[in-house]
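These are my notebook entries on one structure. I looked up a surface patch, the salt bridges and the surroundings of the ligand.

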Amino acid sequence: MTDPELCFLESDNYPYRAIVPPIVQSSLFTWDDLEQFLKRGELEGWDYTRVGNPTIDVAERIIAQAEGAEKCMLFASGMAAVSAAVLACVKSGDHVVAVETCYGPTREFLTDYLSRFGVTVEFVSGEYPEKFRKPAKLYYLESPSSIFFNLQDIQQVAAVAKETGALVVIDNSWATPLYQNPISMGVDLVIHSTSKYLGGHSDIMGGAVAGRRELMEKVGVERRTLGGCADPFAAYLLIRGLRTLPVRMARHQETGLALASALAERPYVDAVNHPGLESHPQFELGKRQMRGYSGLFSFWLKPASRESVVRAINSLRRFRIGPSWGGPESLVVAFPEEQPPHRWVVRLSVGLEPASALLDDLDAAFDGFGA
Ligand SMILES: *Cc1c(COP(=O)(O)O)cnc(C)c1O
């Protein structure tokens, strides 16, 4: 779909001729008679919000269409979506091959949690599609991946999976459906943390899984039995966020690229991790499989003491210190490298503020670093 279409999807058929879908904040739906109730499994219509709800359905249809998927299901959080997607694919005795740079809590789920049920996992470097060629039930991708923004060649990994019979699941939260559509590249299930760009206002927790109908039915079993369903109000806020996704992402992209290329020239910066910079080792791959870039990236500081880094980060005025990303306000976190020389990586979630103000803020904070 073209970008602006996302803003107008589904806007003309709501009750009361409302232009915005109503929040159907109801846990259950009633039936006309007992015969209907007894046959409700075969009938159209809503029954119980853990299984389906009109407001949740609207958001699901928008995301399914944006991803080119037959079906989408919303969840209470990104992690509820990650765990349901993975559990829908594996059973005891199965093996999972995952990209080593995946989101921390996902990694914890794949190792500590799945091992309790006899599912084994191994982590591979995402740069080489052939590293995924193992007898496994599932290949788990996240491209670009958290913190360092490395990519996997989605089409190539999906081609390997076709030969080995593995399913491919990808976390697409960074690029959003606007800038990357993994299903068209052969992926089976796409996951989003809607708490990030899709919600876009730092005010909801949510997740989504999208894919073909038959596999989504298994995802639906996980949602129904583990119970990690979305809430209608969160779905309403998600719909509201989706309507401005194209304009917000264009701005995040523009500001992110402006900051990343300026930072690459700054004396206090050792290297910038942004897949949209030509200096990124996977720049060409990124251009092939993505249509754009979001506003989350990181950079390495020149070696500096912990005290000076803490002081600099604390002095930032435009960037607030906090986890997560994807909202209108810019955020920063920083971590030291474990190995000497203990460089610090600084991760920025670039918000919707003017790029010049954000750059001035960083320049003032890191003034004198790397001198
Ligand atoms: C935040 C995040 C998640 C988890 O989403 P929650 O909504 O916080 O549960 C999953 N994957 C990535 C890449 C994330 O950044």
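I located Tyr48 in the loop between helix H2 (34-38) and helix H3 (54-67); helices are DSSP runs of H or I with at least four residues, and strands are runs of E with at least two, numbered from the N terminus. The model is predicted, with local features needing pLDDT of at least 70 and side-chain atom pairs pLDDT 80 or more, while totals for chains, interfaces and linings use all residues. Residues are numbered from 1 along each chain as its sequence is written, and side-chain values use heavy atoms, without hydrogens and water.

I noted that Tyr48 is partly exposed, at 39% relative accessible area (buried is under 20%, exposed over 50%, partly exposed in between; 1.4 Å probe, protein chains only).

I then searched for salt bridges (a side-chain nitrogen of Lys or Arg within 4 Å of a carboxyl oxygen of Asp or Glu) and recorded 13 in the whole structure. Asp94 pairs with Lys91, their closest N and O atoms being 3.5 Å apart. Asp94 is buried at 10%, whereas Lys91 is exposed at 53%. A network of salt bridges links Lys91, Asp94 and Lys137.

I found another salt bridge between Lys134 and Glu122, at 3.3 Å from N to O. This pair joins distant parts of the chain, 12 residues apart: Lys134 lies in the loop between strand E3 (120-124) and strand E4 (138-142), and Glu122 in strand E3.

Finally, I turned to the ligand. A polar side-chain atom of Asp171 lies 2.5 Å from a ligand nitrogen atom. For Ser193, I recorded 2.9 Å between a side-chain N or O atom and a ligand oxygen atom.

Notes: Polar contact = N/O pair within 3.5 Å; in protein donor to acceptor, adjacent residues only side chain to side chain.
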